Structures are given as structure tokens and as C-alpha cells.
Amino acid sequence: MNTGQSLRLKIADWLPAGVLGLALILGGGGSPAPLPEIALQIAVAALALAWWWLQPRPVFTGIARPALVIGAVLLVLPLVQLVPLPPLLWQALPGRGNARDALDLVGSAQNWRPLSLSPQRTLAALLAVIPAVIMLVMASTADRLGRARLIATIAVGALATMVLGAAQISGGPDSALRLYGAGTIFLEGFQANHNSTADVLLLGMIAATAWIRESALGKGRLPNRSGVVLSLGLAVTLFLGLGVVLTASRMGIALLPVAALANVLLLRPWLAWSGRTLAAGLAIAAGIGLVGILALSRDDMLGRVGARFAITGEQRPDLWADSLFAARDYFPVGVGMGNFVPALLAGERLEVVQAAVPNRAHNDYLELLVEAGLAGIVALSIVAAALGRTLWQARRDPPTGSRALAVVGGMSLLVLALHSLVDYPLRSMSIALAAAACAGIVMPLRVARVRQDQSASLEDTR
């Protein structure tokens, strides 16, 4: 391999981490903040083209089959909803009576129209999912070092979130550092939604611990000693766990044991506790805990976080009931991706109407049912089956020889799947690309690259 080829390959290897890093910074605003999302989509497209051009071989030969299946499902679902249908067909679809009557008033009821009630919203949903598919492809073709860079990027993103979030809390609800508007007192970081911030930190807890494990087992970047590895792992868990508490995300806090379990699995090779190791770990835990207590004691922060767990005034059950009504009304075809809000508002009960317009179902599975109907159930089943089979294979035969990658990918996806029961983490492009990266790193590498440093690759036998 000549110098030019080596440089091209090195740049290409770093681009997936660059895409993920940009997503963690720019992708947290959601639909109320379209400009950062548009900038992110353009940047991802440009970096993906550069990554494809720099490859020394046809890149598509290296994409794992599960990645192809999942990527195709994610793209085909909204595309099918945009296909124009003859008036006799689309008018016969469930829930189209109001649309037909409204279009009849302006003489457009006999035009061809797609399944989606609002094609513009569905097109926006399609454009939003493309970066995640690109990230999935990039991650699934990366070697062990490239996949380690991705988990390191998630870890660094979580630490950066903590730094920015600490400044936000210090500045109060009107801090200029609150990127998507003032008004809250909790840790937000680069996200507009504190629940998404909790997900970034939970994934960061797992990724940082995985990076510690990889560094201890490879190339001597960290001493492979129990005291060092466990102390760092405990410090990361407590530090980022404190950040999750400061987000005041109830489900995020409830998922802390899942992230902690992932870290126990990652650190299991070093869990033969000696007296010195135990003392060091307890000292670090006590120190971080003391700092956390002092931080929470300011402005009664701990009490305000605790108040979030009061069940009075909880609106989710009403949202779920109205969402189920909309899902039944439009089943089995749905209303089209991105059309949840108008579908919900059309059937919202008068007794639960409030000044604030509901933006999500606060249950991603239920929202998918409203938007895609039976096709959404089929698509979710295909994605779950592909990921489940991949994770089962990774448990027996870890991707690129790294058990850490299998654990961080599987447990991170579990955190997001559980959080999706009561929120909408994957509607944040930051979380969507992080999830795509976690899915990609557990997939088998179909074509091994010939690299100059291939002999330096280490097998994780622990």
C-alpha cells in the first residue's frame, strides 16, 4: 500500500466518527429547530460522499446483510407512502373521508394522491432517516479500530454534554448556553429535550466503559490492572449517572440500572476485588458522590428532580388513549410518516385539550402504528428480527473479535428500546445516529481490509 492509499484509507476511517460527532452536536433540536437539522443533513451527505470516494474498494461489498435489510426497510416505508394512487383507491382507504370532502370543495378530490395525508411531512421524515441509514452503513463496514472510534465519540459526546450542562445549570433557566430556548432548570446539553439528554448520557456511560476496556486490552493505552480499570469505570459510571439525575428524566433515571449492568458486564474480567482495589473504588465513589450531593444541594436541585416523579397531572395516559383511537381509525394503512400530530388533533377528546399542542405520542411504537399501520408493525418486526439475530451471533462470535463492541451495541439498543415505551428518543437525529452506530458495530465485517497495521489488531480473549 503506497502513501497516498494509506492516507486516503486513514481519512476514510475517521469520517464515520466525524459524522457521529456532528450529529451529537447538531442533531438535538428536533423539528422545532429545522436549521441545525438541515445543516446536519447536508454535512452528512457531503461526508458520506467523501467516505465513499476515499474507499480503496467498492464499499457496498463490505456492508453486512442485516445492515442492508434494516436500511432498506427504513427507506422503503416512507417511500411507498409517497407513491401516487388513483382517486378510486386513495378515497377508499380508512380515515380519508374528511380529506376527500375538503379536497372536493376545491375541485381536487379526483386527483391522484399518495397514501400519506401530508406528503411534505412524509418527505421530511424520509430525509431525516437517511443520515441514520448512512451511519448504519458506515459503522457496519468499519474495522475494530473504526468501531472503537465510534464508541469513543459517543463517550466524548456524553462528557461534552456534561460540561455544557453544568454551565447551563450554573447559568439558570435563562442561560444563553441553553441552545434551544430558555425556561428549564435541568441539564440539557446539546439536546432540546432533557429525556434525549438522558439517553446521550446513558449511552455515554456504556461507551466510555467499553472504551476503557478496549484501551486496557490493546496497545497499552491504559495499564491492564484491576485497580486502574475498575476505578476509571466506576468514576465514569458515577459521573455520567449524576448527569442523568440532573436531567430529571424519569425514565432516564429508571434506566440507570440497565446501563450499570452493561458496565458490570464490560468490567467483568477485572471484578476479582482485592482490598486495595475495593478501597480505591470506594474512595472514588465517595468523592464523586460528595461532589454530586453538593451540586444537588444548590437551589434545592435534588428536591426539584424528585418532584418530577409526582404522578399528578401526567398527560401520557390521555395521549396514549387518543393515539390508540387514531391508530384504529386509520388502520391498517396509517396516515403516513410524520403525520402523527394532525391525525391526533383530529380525534383528540375535548376534555383533554390543553393550550400546548401535543407533538408526540410519547411512545414510539404507538406513534409508528398511527403513522404506518400494519406496514409499521411488519417493518418493526423485520428490524427487530435482524437485530436480534445479529446480537445472538455476536454473543457467540463477537464482531471483529471484541466482546466490548457486542455488549455496548446490544445494551445501548436495549436502553433506547425501553425508553421508547414512554418517550421518543429516536426522533432526535443525535440519538438516531447513535443508535445506528450501536447497531452497526455489532454486525459482522463481511470483507476484511488489508491494512498495514493489521498485525497490531488484538484478539479480546477475556
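Residues are numbered from 1 along each chain as its sequence is written, and side-chain values use heavy atoms, with hydrogens and water left out.

The secondary structure of the chain comprises 18 helices and two strands, taken as DSSP runs numbered from the N terminus (H or I over at least four residues for helices, E over at least two for strands). Of the 462 residues in the chain, 49% are buried, where buried means under 20% relative accessible area, exposed over 50% and partly exposed in between (1.4 Å probe, protein chains only). The chain exposes about 21200 Å², of which carbon and sulfur atoms supply 68%, as given by the Shrake-Rupley method with a 1.4 Å probe, in which only the protein chains shown count as cover for residues. Among contacts between residues at least 6 apart in sequence, 80% join residues at least 24 apart, a contact being heavy atoms within 4.5 Å.

The average pLDDT of the chain is 85, and 83% of the residues score at least 70; pLDDT is the predictor's confidence in each residue, from 0 to 100. Over residues 448-459 pLDDT stays under 50, and the model has 20 contacts beyond four places in sequence for this segment. Where pLDDT is low, the predicted coordinates should not be read in detail.

The largest nonpolar core holds 87 residues, and Leu-20, Met-135, Leu-202, Ile-206 and Ile-441 touch the most other members; such a core is a set of buried Ala, Val, Leu, Ile, Met, Phe, Trp, Tyr and Cys residues joined through side-chain atoms within 4.5 Å. Helix H8 (residues 194-217) gives the most to this core, with twelve residues. When residues up to four places away in sequence are not counted, Leu-20 touches Met-135, Leu-150, Thr-153, Ile-154, Leu-433, Ala-434 and Ala-437. A second, separate core has ten residues, among them Leu-319, Ala-327, Phe-340 and Ala-343.

Two cavities of 30 Å³ or more are counted, a cavity being a set of points, on a 1 Å grid over the protein atoms alone, where a 1.4 Å probe fits but cannot get out, with lining residues having an atom within 4 Å of a point. Grid points are joined across faces, edges and corners, and a volume is the space filled by probe spheres set on the points. The largest cavity contains about 70 Å³ of space, and of the eleven residues that line it, Asp-13, Pro-16, Ala-142, Asp-143 and Gly-146 are the closest to its centre. Helix H1 (3-26), helix H6 (119-141) and helix H7 (144-171) each supply at least two residues of this lining, the largest share, three residues, coming from H1.

In the loop between helix H14 (316-330) and helix H15 (340-347) lies Pro-332, and the peptide bond from Phe-331 to Pro-332 is cis, with omega near 10 degrees. Ala-248, in the loop between helix H9 (226-247) and helix H10 (250-254), has a positive phi near 65 degrees and is buried at 0% relative accessibility. His-362, in the loop between H15 and helix H16 (364-396), likewise has a positive phi, of about 55 degrees, and is buried with a relative accessible area of 15%.

Methods:
1 Å grid on protein atoms, 1.4 Å probe; cavity = no way out; pocket = protein on both sides within 12 Å on 5 of 7 lines; lining within 4 Å.
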